[in-house]
Amino acid sequence: MPSCYSWYIPNTDKHDHPCAPGIRINSKEYFFLIHRGYGIVGQEDAFHLDLCNYELSPSIKKILEDNEKDGIVIELYDPNKHYGIDDFYKDLNIYDFEKVIRSNLELEKPYPFLVVAKNNKIVGWTGAMWNEESGRGHFDGIAILDSVRGRGLGKALFSLLALYNKKGG
């Protein structure tokens, strides 16, 4: 029977791990469970960055500037400005992302999310963003359409997501 409990990132002020429940490899809990016959079902790498001093790097700023010259920007989604969300679902062809975007937009007050927009048409997305009570930033995923890949937009999108989370708490 699976157990469900939160766990914290080591050497932090109780920052919860984004994929809880989970067990840190080589921890006392890990060996406790291994010695009692539990098996490893999956393994994941997770990273933690304190955003207090986070700023966009010069290379990310350059990516943003270069893309802006071609009409590609990253900004908060505005339903009165951005279009093509149905085309984005179709072109992306990942049902779970479509489901997450639709369910967020159906909320009375949807969570904000970043989009990559080429001349205001959506070609990338972060998913809903908010800061959890622990201060950890949450987002539903990142996706960039093939038509704009190779331009550094995924890196820039993630960097702007981190900056948004920093400002949010």
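**Entry 1: K166 and its partner**

I looked up K166 to begin with. K166 is partly exposed, at 24% relative accessibility. The model is a predicted one, and I keep that in mind throughout. Which residue does the side chain of K166 meet in a salt bridge? The partner is E55, with 2.9 Å from N to O. E55 sits in the loop between helix 1 (28–34) and helix 2, while K166 sits in helix 5, so this pair ties together parts that are 111 residues apart in sequence. I then checked how open E55 is. Its relative accessible area is 52%, so E55 is exposed, since the cut-off is over 50%.

**Entry 2: D70 and R151**

Next I turned to a second salt bridge. D70 pairs with R151, and their closest N and O atoms are 2.6 Å apart. This pair also links distant parts of the chain, 81 residues apart. D70 is in the loop between helix 2 and strand 1. R151 is in the loop between strand 6 (143–144) and helix 5. I looked up the exposure of both residues. D70 is partly exposed, at 41% relative accessibility. R151 is partly exposed too, at 31%.

**Entry 3: a pair inside one helix**

I moved on to helix 4 (residues 95–105). There, the side chains of E98 and R102 meet in a salt bridge, 2.8 Å from N to O. How far apart are E98 and R102 in helix 4? They are four residues apart, so about one helical turn separates them. E98 has a relative accessible area of 22% and is partly exposed. R102 is partly exposed as well, at 33%. I also found a network: salt bridges that share partners join K62, D66 and K69. My count of salt bridges for the model comes to nine. I noted a general point here. Side chains of opposite charge can pair when their charged atoms come close.

Which residues of helix 2 (residues 58–68) are buried? They are I60, I63 and N67. Looking down the axis of helix 2, I saw that its buried residues fall within an arc of 55 degrees, so they line one face of the helix. The face turned away from that buried side carries P58 and E68, which are exposed. I then asked what covers the buried residues of helix 2. The cover includes strand 1 (72–76) and helix 5 (153–168).

**Entry 4: V73**

V73 is partly exposed, with a relative accessible area of 24%. Leaving out residues up to four places away in sequence, V73 touches E68, V115, V116 and A117. E68 is one of the exposed residues I noted on helix 2. I also took a distance across the chain. V73 and L157 are 84 residues apart in sequence, yet their C-alpha atoms are 9.7 Å apart in space.

**Entry 5: helix 3**

Last, I looked at helix 3 (residues 85–92). Its buried residues are I85, F88, Y89 and L92. They cover an arc of only 100 degrees around the axis, which puts them on the same side of helix 3. What do these buried residues pack against? They pack against helix 4, strand 3 (121–125) and strand 6. I followed the chain past the end of the helix. Just after helix 3, N93 takes a positive phi of about 60 degrees.

Key
Residues are numbered from 1 along each chain as its sequence is written. This is a predicted model: local features need pLDDT of at least 70, side-chain atom pairs count only at pLDDT 80 or more; totals for chains, interfaces and linings use all residues. Side-chain values use heavy atoms; hydrogens and water are left out. Buried means under 20% relative accessible area, exposed over 50%, partly exposed in between (1.4 Å probe, protein chains only). Helices (H or I, at least four residues) and strands (E, at least two) are DSSP runs, numbered from the N terminus. The arc is that of the directions from the helix axis to the C-beta atoms. Contact means heavy atoms within 4.5 Å. A salt bridge is a side-chain nitrogen of Lys or Arg within 4 Å of a carboxyl oxygen of Asp or Glu.
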